[in-house]
Every structure is written in structure tokens, then in C-alpha cells.
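Thank you for asking for comments on this structure. Please look at the sequence and the structure first, and then read the numbered points.

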Amino acid sequence: MLWALFSAHLIAVPAAVAAGRASMRAGLLAAAAAPAVAAVWAAAELASGGGPATAELVWVRGLDVAIRFRADAVALMMTLLVAGVGALVMVYAAGYFRRSAAGGTRFPATMLAFSTSMLGLVWADSTWTLFIFWELTSITSFLLVGHKHVEASVRMAARRALVITAGGGLVLLAGLIVLAQEAGSSALSGLAPVSGGAAATAGVLILIGAATKSAQVPFHVWLPGAMAAPTPVSAYLHSAAMVKAGILLIAVVGPAFAEVASWKWLGIAFGVASMLWGAVGALRHRDAKLILAWGTISQLGLMVALLSAGTAKAVFAALALLFSHALFKAALFLVVGEIDVRTGTRDIGELGGLWRSMPVAFAVALLAGGSMVGLPPLVGFAAKEAAIEAVLALGGVERAVVAAGVIGGSVLTVAYTLRLLHGAFGPGPSTSVASGGLLMTAPAAILAAAGVAGYAAISSVNRIVVPAAAELSEKADAYALIRWPGLKTAFVVSVLIVGVGGVAGALWASRGVGRLPAPVGASAADGIVDKTLGFSPRLTALVQHGSLPVYLAVMGSVAVVAAVVLATEFSFGHLVWWDSPVQAALAAAVVGAALAGAFVGSRLGAALALGAVGFGVTGLFLVHGAPDLALTQLLVETVVVVGFVLGLGHLARRFPPIKNTWRSVRIAIAVAGGIAVAAALAASGSDPAGRPPVDDLVSGAAVEGGGKNVVNVILTDIRALDTLGEVVVLATAAVGILALARARSQGADPS
């Protein structure tokens with residue numbers, strides 16, 4: 001079923017393009033079909049409570065490289081959010097854009113491509129699958145944020161988002177490789193706990209990668225800038241989809257790092273800093289979308305801190321918050337988008353009195369805002385109570401740090417929510433409002449109503465959240481969301497948070513919207529990118545200035561550096577100096593001829609030294625029992641030496657003078673390159689993967705290849721396409737040489 005759903009998304013992308021040629025609305029409605037089907041399927045699977053669905057496409061079996069999907073309880077919950085909210089947002093976008101809007105084919109297809117990438121990410125059950133779809137979400141989100149690419153500010157915001165999230169993806173790849181090596185498998189389901197220095201390194205790298213995607217301080221600067229995207233993009237990517245990728249990653253791999261202290265404390269540091277700074281940022285802005293964006297940073301920080309704490313109660317609370325946040329934050333973004341379309345502004349200093357002219361949007365904003373604050377009867381209240389109880393159940397310094405962040409961030413959340421609602425809908429000069437449409441109103445109303453329904457039918461929400469939490473932490477199934485917690489300490493803390501936050505929000509709203517804060521972090525990030533781009537031409541001019549020896553030296557140096565990591569990966573027990581003294585003699589002759597070629601001054605002497613190296617290698621092939629390779633090498637070396645001798649007649653007899661320093665550099669690079677190749681071969685031989693395929697090749701040569709010469713069967717059958725490619729390259733080079741020779745013989749200019 002997973003392949004069928006995934007294929008339906010892929011097929012729907014060109015279908016959305018075709019429908020978009022008629023109008024943007026038609027393209028978006030066509031794009032919404034596949035996510036809607038996926039959401040219905042996920043809901044049905046969650047209701048049935050069956051086992052996880054799996055799918056696999058093996059690429060390299062011996063190296064454990066495969067596209068592997070697994071839709072367990074966590075993935076099904078994320079599928080319901082990603083696909084369900086995605087379908088509603090696409091319907092909303094059909095009313096948000098005018099029928100004649102530009103990009104009618106591009107935008108729906110890109111939205112669906114992003115949704116497909118997110119679907120692959122939440123289903124991923126291997127490190128390689130996760131990384132592929134992680135980077136695909138970065139690329140497709142870049143295209144969505146840069147939808148209005150004719151504006152310079154939009155292009156800058158899209159570039160900033162791509163650089164930070166894609167750069168974090170490379171850091172994540174390094175962490176996933178180390179984790180897979182330490183855990184002994186690339187599978188994400190059932191990761192074995194890891195510990196030690198390598199595990200700590202993997203944990204730090206993975207947390208940094210997750211922090212870039214989930215906009216955690218100090219990598220948060222891309223998210224406010226991404227508000228330059230159309231509101232449907234913000235509502236989808238920055239509530240239920242892209243920013244939740246980092247949260248999902250921390251949740252899935254977190255159990256493997258339960259014994260790694262750096263994982264816990266770095267995650268808590270990211271979370272607490274983001275909770276507080278994101279809430280402060282929301283209070284300082286007057287653009288409604290920016291208020292919601294900074295609030296998203298704060299709320300994502302709360303989830304990161306809880307997941308990093310790692311207790312069963314904290315994991316359960318984090319998933320409950322993830323579920324409720326997707327509902328209320330998407331609804332609030334949709335309301336702000338409708339306000340922008342119908343009034344022409346999102347500035348809360350220019351809005352007012354919309355509770356009369358936009359009563360449905362006002363009701364949706366009240367419900368969604370109340371859920372974000374944590375008021376009953378809304379599902380956000382139950383989730384916030386679970387979070388506070390989980391924090392109070394911690395101990396020691398961990399409890400003090402996380403509690404300070406949660407309480408401080410929650411107070412500020414109440415304040416900026418009240419300020420947002422008061423500025424847009426409260427008393428003030430009535431803003432002129434254009435007529436709206438059902439396509440914009442209905443999706444937001446559905447999401448807000450889901451928050452109320454989730455509280456009323458809290459057992460249904462528990463059937464979604466509890467199994468997901470239990471998969472991440474065995475003891476999490478002991479907890480559940482409840483409608484009324486009673487007069488417990490957590491409830492008293494919640495009441496105090498709402499009271500203090502309400503007073504702070506009222507005082508802040510009464511002082512006006514104030515001056516806009518300077519985008520210091522965004523400017524710094526853009527400055528780093530600009531300086532990097534400015535430095536690149538100078539670096540390119542330094543290493544790519546037309547000198548072939550310098551090119552070879554740079555490539556050789558890079559190859560040597562790449563092989564350094566193999567220095568500790570092999571043992572010497574399987575290595576021998578030689579099988580017979582003849583091999584040692586031939587190897588010494590090859591080394592001597594190569595060294596002589598570095599010092600000889602005549603071109604003819606260099607050609608003969610090069611030929612001596614080739615003939616020495618021919619002897620090594622022959623001694624190792626490879627007469628076919630020896631014959632091939634002998635013919636090639638003979639042709640090369642003869643060609644050199646014939647061609648040298650048109651050149652000076654001696655090379656241009658060369659300094660000893662440059663000669664020493666070239667010799668050093670050559671020696672280091674030889675050592676690097678030897679180290680790589682020794683490492684590959686010390687830890688072979690699987691059983692050598694020699695017997696299979698020998699038996700298959702006669703049966704499948706119809707020949708007794710195994711080497712020939714490999715070249716003509718097993719490596720047929722590779723051999724064909726080599727023949728094409730040689731033929732192309734021969735045609736070029738022939739053309740140059742004819743041009744020279746006719747007196748033409750070869751250039």
C-alpha cells in the first residue's frame with residue numbers, strides 16, 4: 001500500500017501541472033487529491049490499530065543500502081498531519097490565489113512535490129532514505145518560499161532558507177553515517193543504544209541537523225524570512241510539515257542516545273533558548289505572520305527540550321504538543337492569510353474591528369489562539385498540561401532549566417497571542433474588508449473545530465498519540481491526555497501562566513505596536529553567504545588558473561585527504577610483502593623507473609621511463625596469473641611508447657627548466673597518493689563485506705555467459721554497459737585525434 005500511495009503522489013504531480021494550465025485553482029484542487037487519500041488511509045490505519053506497513057527497494061544489498069519505508073504509529077500520526085493539513089491548505093490556496101495568478105502550473109506541482117517529499121521522510125526507515133527525502137524537502141521548500149522570485153527580498157529569503165537547511169542536511173548526513181556504523185545497521189526502527197565518543201559525535205551532528213530544519217536558535221533566522229512566501233506555504237511548511245521534520249528526527253533517534261549526556265544537554269540548550277528568544281521575537285513584531293513564525297520557533301523549542309529530556313512522560317507530552325500545534329498553528333496562519341487578502345495588510349497596527357466584519361475568522365482565531373495558549377475546552381490545553389506535568393516530574397538542574405524555559409516561554413506565548421488577537425480583531429478603526437470565499441474560510445474552520453473535537457473526544461486523540469509515544473519509549477503507554485487534570489500543581493502553574501501572561505499581553509498591547517526590530521541575525525547570515533560567494537572566485541582563480549600540473553596536484557592532494565579516514569580501518573595481519581621474490585624485484589623496478597622519470601631532463605628519456613613503469617606493471621600482472629591483463633597492458637604500453645617517440649620529433653628535446661622545490665612537491669604528492677591508494681586497498685581487504693563472488697562468477701561464466709574465460713565473460717556480459725562506455729570514450733578520443741591529425745596535415749589551425 002505504501003508504494004501505491006507514494007506512486008499516486010508522483011503521478012499526481014504531472015496531473016497537477018496539466019490541470020494548472022486551465023487555472024491555478026484547478027491545479028491546486030487536483031494536487032489536493034493524493035494527500036487527501038493518504039490522510040484517509042492513515043486515519044483508517046490508526047483506527048484499526050494494525051501492525052506497521054513496510055516497503056523496501058534494495059539498491060546495494062551487501063552494503064545495506066535501500067529505499068526502506070515503514071508506516072508505524074509515529075509515521076501514521078505524522079502522515080495524518082502532513083497529508084491532512086496539506087490537503088486542506090491546498091484547498092485553501094485555491095481560494096487564496098486569483099484565477100489568473102501566475103505560476104498556475106508551477107505552484108501546485110511544487111506544493112505536491114514537497115508533500116510527497118515529506119511523506120517519504122516520515123515513512124523513512126533507513127538513514128539513507130531519511131537523508132534523501134530530508135534534502136528533497138529543503139529543495140522543494142526553497143522553490144515554494146521563492147515563489148515570488150521577481151522580488152529581491154524573496155530571493156534572498158529563499159536562499160537563506162536553502163543554505164541553512166541544506167547545510168544542516170550535510171551535517172546530518174555525517175551524523176547518520178557515524179550512527180549507522182556504531183549501531184551496526186542503517187535501519188531506524190529498533191535502533192540499538194549507542195555510547196562512547198563516536199556516539200556523542202553522532203548525537204551532536206544529528207542535533208545540529210535537526211536544529212537547522214526546525215529553526216532552533218541560532219539557526220532560526222531562516223524561518224521569519226520564509227514568511228515572504230505565500231501564506232498557504234507558511235501554513236503548511238511552518239506548522240505541520242517541514243519544521244516538524246527535525247522534531248520527528250529527534251523523536252525517532254532519541255532512544256538510541258539515551259546514555260549520551262551531550263545529546264540531552266545540547267538538545268535542552270537548543271530548546272530552552274528557542275522557547276525564550278522565539279517568544280520575545282513574537283512580542284517585538286507587528287506583522288501577523290512574523291508573530292506566528294517567531295511563535296513557531298518558541299513552540300518547537302518546547303518540543304525539542306521535552307524530547308531531549310527523554311523521560312517517557314516528556315516524550316508523550318512532546319508528541320501531544322506536536323499533534324495539537326499542527327492544528328492550531330495552521331488555522332492561525334490561514335486566518336492571517338485571509339485577513340491579508342481581504343484587507344490588503346497584515347500589520348496589526350493598521351488593523352482593527354475585524355471581529356464584526358470577519359466573524360468566522362474571528363471565531364477560528366479565538367479557538368486556535370486559545371489552543372495555543374492552553375485554554376479548555378481545546379486539545380492544546382490537554383497537551384500543555386501534559387507538558388507541564390512532564391517538566392515538573394524531572395529532577396535536579398535539568399528540572400530547573402527546562403521549567404524556567406517552559407514557564408517563561410508559556411507566559412510570553414499568552415502575551416503575544418493576546419496582542420495578536422487584540423491588534424487584528426480588537427477595538428480600533430474599522431478596517432475595510434473585501435468579500436471572502438468558502439474555500440478560504442472552510443479549511444481554517446475545520447482545523448479550529450478539530451481542536452474542539454479533539455478535546456471532546458480525547459480518547460480518539462489518545463489512540464493516535466499514545467501508541468506513537470509507546471513506540472519511542474516503552475513506559476509512555478502509561479500516560480494519556482485528560483480533559484480535567486484536577487487541582488494539581490501543574491494546573492495551578494497553568495493558571496498562573498495564563499494570568500501573568502494575560503496581564504503582560506494587555507500591558508504590551510496598550511503601549512502600541514512600537515518600532516520594528518532590526519533583522520540582525522538574518523543580516524549576519526546573509527553576510528556570511530555573500531562573503532563566501534565573494535571568496536569563491538578568488539579561490540577558484542588560485543587553484544584553477546590553467547596549469548595542468550597544478551590541477552593534478554590539487555586532485556591528488558584531495559584524494560590523499562579523503563583516504564586519511566581509512567588509516568585506522570585496517571589491520572596488518574592479512575598483509576604480506578610478496579608471494580615470490582620476483583614480485584619484489586618488479587615492484588622495485590617500477591618504483592625506480594617512476595623516480596627516474598621525475599629527474600630525467602629529456603623528453604625521450606621520460607617516455608622510456610614511463611614505458612619501463614608500464615612494462616613493470618605488465619610483469620606484475622603476469623606473475624599474479626592474469627595473462628589477459630598483462631597482454632592488454634603490454635599492447636597499450638607499446639603503442640604509447642611508440643606514439644610518444646613519434647610525436648617527440650615535433651617538440652624540443654628537453655623539458656623546460658624546473659625548480660627543485662616544484663619537483664619535490666610533485667614527488668611528495670605522488671608518494672602520498674601511492675600511500676593513500678595502498679591504505680584504501682588494505683582497508684577494503686581487512687573487512688570484506690559478505691562472501692567473495694569468485695565461485696559464483698566461475699560457475700556463471702559457462703552457464704549464463706556461454707564462455708569458459710571468466711575475464712571475458714565479465715567484460716562482455718556482466719560489465720557490458722561499462723565496457724561499452726569505455727569503447728565509446730576511446731572511439732570519441734580516436735575521432736578527435738584523427739581530426740587534429742588531418743587538420744595538421746592540411747595546414748589548418750588545430751584550434
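1. Overall build. The model is predicted. Its protein chain contains 30 helices and 2 strands. Taken along the principal axes, the C-alpha atoms fill a box of roughly 95 × 60 × 55 Å. Of the 751 residues in the protein chain, 46% are buried.

2. Contacts and surface. Among contacts between residues at least 6 apart in sequence, 79% join residues at least 24 apart. The protein chain exposes about 34,500 Å², and carbon and sulfur atoms supply 70% of this area.

3. The largest core. Which residues have the most contacts inside the largest nonpolar core? They are Trp123, Phe257 and Leu306, in a core of 175 residues. Helix α14, which covers residues 312–343, gives the most to this core, with 22 residues. A second, separate core has 7 residues, among them Val414 and Ile497. As general background, nonpolar side chains in soluble globular proteins tend to be buried together.

4. Leucine 306. Setting aside residues up to four places away in sequence, leucine 306 touches Ala314, Ala317, Ala318, Leu321, Ala387, Ala390 and Val391.

5. Threonine 79. This residue is found in helix α4 (residues 73–96). Is threonine 79 buried or exposed? Its relative accessible area is 0%, so threonine 79 is buried. Not counting residues up to four places away in sequence, threonine 79 touches Ala38, Ala42, Gly84, Leu119, Val122 and Trp123. Trp123 is also one of the residues with the most contacts inside the largest nonpolar core.

6. A nonpolar surface patch. Ile132, Leu136, Ile139 and Leu143 form a nonpolar patch on the surface, and together they have about 320 Å² of accessible area. Leucine 143 has its place in helix α6 (residues 127–145). With a relative accessible area of 45%, leucine 143 is partly exposed.

7. Phenylalanine 644. Helix α26 (residues 627–647) holds phenylalanine 644, which counts as partly exposed at 38% relative accessibility. Leaving aside neighbours within four places in sequence, phenylalanine 644 is in contact with Ala607 and Leu610. From C-alpha to C-alpha, phenylalanine 644 and valine 401 are 74 Å apart in space, and they are 243 residues apart in sequence.

8. In one of them, glutamate 56 pairs with arginine 68, and the closest N and O atoms are 3.0 Å apart. Glutamate 56 lies in strand β1 (residues 53–60) and arginine 68 in strand β2 (residues 65–71), so the pair ties together parts that are 12 residues apart in sequence. Glutamate 56 is partly exposed at 44% relative accessibility, whereas arginine 68 is buried, with a relative accessible area of 13%.

9. Salt bridges between helices. Glutamate 398 forms a salt bridge with lysine 264, with the closest N and O atoms 3.6 Å apart. Because glutamate 398 lies in helix α18 and lysine 264 in helix α12, this pair ties together parts that are 134 residues apart in sequence. Glutamate 398 counts as buried at 11% relative accessibility, and lysine 264 as partly exposed at 26%. Glutamate 389 forms a salt bridge with lysine 313, where the closest N and O atoms are 3.9 Å apart. Glutamate 389 lies in helix α17 and lysine 313 in helix α14, so parts that are 76 residues apart in sequence are tied together.

Note on methods. Residues are numbered from 1 along each chain as its sequence is written. This is a predicted model: local features need pLDDT of at least 70, side-chain atom pairs count only at pLDDT 80 or more; totals for chains, interfaces and linings use all residues. Side-chain values use heavy atoms; hydrogens and water are left out. A nonpolar core is a set of buried Ala, Val, Leu, Ile, Met, Phe, Trp, Tyr and Cys residues joined through side-chain atoms within 4.5 Å. Buried means under 20% relative accessible area, exposed over 50%, partly exposed in between (1.4 Å probe, protein chains only). Helices (H or I, at least four residues) and strands (E, at least two) are DSSP runs, numbered from the N terminus. Contact means heavy atoms within 4.5 Å. Patches are made of residues with over 30% relative accessible area and no salt bridge: like charges are joined within 9 Å, nonpolar side chains (Val, Leu, Ile, Met, Phe, Trp, Tyr) within 5 Å. Accessible areas come from the Shrake-Rupley method with a 1.4 Å probe; for residues, only the protein chains shown count as cover. A salt bridge is a side-chain nitrogen of Lys or Arg within 4 Å of a carboxyl oxygen of Asp or Glu.
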